[in-house]
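This report describes a few local features of one protein chain. The sequence and the structure come first, followed by the notes.

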Amino acid sequence: MAKYTYLLHISNIKITDTIKNGHHPALVELDTEEGWSNIGEFLNIISTENKDIKILFEHRSDILTEDELFLTR
């Protein structure tokens with residue numbers, strides 16, 4: 001569907017034996033072995049299919065430290 005998508009909203013979620021941390025920032029340092037999605041790989045796949053796609057990163061900034069929030073810019 002990537003080549004037909006105009007606007008994509010992205011956030012991250014941790015899935016292990018339960019689902020946790022909905023709308024967590026999509027930070028590249030989150031480890032897939034701990035249950036996080038691989039956002040970097042996902043964005044690479046999407047961008048090869050659609051160079052004009054618009055991406056909106058949704059997240060709860062209240063769960064980040066000031067340093068982490070600065071890195072999401």
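A residue counts as buried when its relative accessible area is under 20%, as exposed when that area is over 50%, and as partly exposed in between. The model discussed here is predicted.

Asn-12 belongs to strand E2. With a relative accessible area of 1%, Asn-12 is buried, because this value is under 20%. A polar atom of the Asn-12 side chain lies 3.2 Å from the backbone nitrogen of Ser-37. Leaving aside residues up to four places away in sequence, Asn-12 touches Asn-21, Gly-22, His-23, His-24, Pro-25, Ala-26, Leu-30, Trp-36, Ser-37 and Ile-39.

Strand E2 covers residues 12-15 and strand E3 covers residues 19-24; the two pair in the antiparallel sense over three bridges. They form a hairpin, with three residues between E2 and E3. Within this pairing, Lys-14 stands opposite Lys-20 in E3.

Elsewhere, Leu-56 sits in strand E4, which spans residues 54-57. Leu-56 is partly exposed, because its relative accessibility of 38% falls between 20% and 50%. Together with Tyr-6 and Leu-7, Leu-56 makes a nonpolar surface patch of about 320 Å².

The table sets out the two residues for which accessibility is given above.

| Residue | Relative accessible area | Class |
|---|---|---|
| Asn-12 | 1% | buried |
| Leu-56 | 38% | partly exposed |

Definitions and conventions
Residues numbered from 1 in each chain as written. Predicted model: local features only at pLDDT ≥ 70, side-chain atom pairs only at ≥ 80, totals over all residues. Heavy atoms only, no water. Pairing = 2+ DSSP bridges. Helix = DSSP H or I, 4+ residues; strand = E, 2+ residues; numbered from the N terminus. Buried < 20%, exposed > 50% of the residue type's maximum accessible area, 1.4 Å probe, protein only. Polar contact = N/O pair within 3.5 Å; in protein donor to acceptor, adjacent residues only side chain to side chain. Contact = heavy atoms within 4.5 Å. Patch = residues over 30% accessible without salt bridge, like charges linked within 9 Å, V, L, I, M, F, W, Y side chains within 5 Å. Areas by Shrake-Rupley, 256 points an atom, 1.4 Å probe, with all protein chains shown as cover. Salt bridge = Lys/Arg side-chain N within 4 Å of Asp/Glu carboxyl O.
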